[in-house]
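Good morning. Please have the model open while I speak.

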Amino acid sequence: MIELKKVEETVILTAVCSGSEEETAASLRELEDLVSTAGAKTLGVLVQNRENVHPGTYLGKGKLDELREMIWEKGATGIVCDDELSPAQLRNLEEALDTKVMDRTMVILDIFASRAATREGKIQVELAQLRYRAVRLTGMGRSMSRLGGGIGTRGPGEKKLETDRRLIHRRIGQLKEELAEVKRHREVTRQQRERDFVLRAAIVGYTNAGKSTLLNRLTGAGILAEDKLFATLDPTTRSYVMEDGEKILLTDTVGFIRKLPHHLIEAFRSTLEEARYSDIILHVVDCASPQMDMQMHVVRETLRDLEIVDKTTVTVFNKTDLWEEMDPDGERKLPRDFSSDYQVRISAKTGEGLGELADILKSIIRSRRIYLEKIYPYTQAGRIQEIRKYGQLLSEEYKEEGILVKAYVPAELFGRLYGE
């Protein structure tokens, strides 16, 4: 019997450090995690200190020679650069090194391709892949035709690189039409939710901050939650019913990451519109990460790029259980975020702090409602059921002239309920 074994890609990571060495090191650690998530193994790292990347070959000539030797000594099958390469850089590096050349964007697109499950997710991935490849056909031609698989060659958007630009742009047009249809369907669903007068909260955050774990803990959604980058891709909306019966819709969104390819920001704009149309932003932060401040900054900047501003924001500092393990003596300062409206420290894994988070959500819901006190004649008893469904019924007292109701109701309903 012939046993077929998948060949594991082995790569060298390379970066240009033009600022903080600590930031470059952190970015490379993240790149190594990305490469591992994509299914490859890192054999070594090479960094060059220079003011700017080389416009033609990314690295300078001396480092390029060093990288060539490193590839040969370690037997690597390719390299991954920690920045997005131009078509010329991609082509020149491939010619100089005679190996497969990838960049950070290609790895992220590959991970998204393997994680897309819904029709919308697959369309968005293919659209992002094609936009990326359309301007790099000449640069990627040799490596992609020579190698039969691996990072950057798979996914719902995989096409032969010999396909000309005209066909690719035609396919991009088709995908845009399909995405517009999906967006129309999402709009209908969103309008239905608005008719239910239920507040919506979008769970956003850096990748692997614990967004999916939080959604599972609160709603029992049962979605994939792993200690991996981009463990989930497609958005999931579930209803979170609190102990007193208050309800809010929670939507888990795709995780953000530094140097997020603009192709993905554009292609996934419709998915992230769940955050745009939400009432509340739950910004989940991994408070155990040494890069916490940078990750918070990346999320804020990405939301700003997507024009998601002026929302009630709750910063949820997650993984407090790991924080305590890292700092048993309590010498580190507790995390804070003065840019948000509310903040809470929780552990989605253990459940610690979730009661306080629920209290914050209740407070926000209450702030969006108006106090109603009215006597309804018995002929309008059906109004009480409407109040119970869409608001918070505090009390009902049966009197001779009717039913005395005290409640908090959505502002959109107050006029109708009070005037009749």
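Which residue does Glu181 meet in a salt bridge? The side chain of Glu181 meets that of Arg184, at 2.6 Å from N to O. By salt bridge I mean a side-chain nitrogen of Lys or Arg within 4 Å of a carboxyl oxygen of Asp or Glu.

Before going on, the ground rules. This is a predicted model, in which local features need pLDDT of at least 70 and side-chain atom pairs count only at pLDDT 80 or more, while totals for chains, interfaces and linings use all residues. Residues are numbered from 1 along each chain as its sequence is written, and side-chain values use heavy atoms, with hydrogens and water left out.

Back to the pair. Glu181 and Arg184 are three residues apart in helix H7 (residues 165-195), so about one helical turn separates them. Helices (H or I, at least four residues) and strands (E, at least two) are DSSP runs, numbered from the N terminus. Glu181 has a relative accessible area of 40% and is partly exposed; Arg184, at 49%, is partly exposed too. The cut-offs are under 20% relative accessible area for buried, over 50% for exposed, and partly exposed in between, with a 1.4 Å probe and protein chains only.

How many salt bridges does a search of the whole structure find? It finds 25. One of them joins Lys259 and Asp82, at 3.1 Å from N to O. Lys259 is in the loop between strand S7 (247-252) and helix H9 (262-267), and Asp82 is in the loop between strand S3 (78-81) and helix H3 (87-97), so this pair ties together parts that are 177 residues apart in sequence. Asp82 is buried, at 1% relative accessible area, whereas Lys259 is partly exposed, at 39%. Both belong to a network of salt bridges whose members include Glu23, Arg104 and Arg258.

Now the strands. S3 pairs with S4 in the parallel sense over four bridges; to pair, two strands need at least two bridges found by DSSP. The chain runs from S3 through H3 to S4 in a right-handed β-α-β crossover, meaning that, with the strands pointing away from the viewer, the path from the first strand over the helix to the second runs clockwise.

In strand S4 (residues 100-103), Lys100 and Met102 point one way, Val101 and Asp103 the other, and all are buried. In a regular strand, side chains alternate between the two faces of the sheet.
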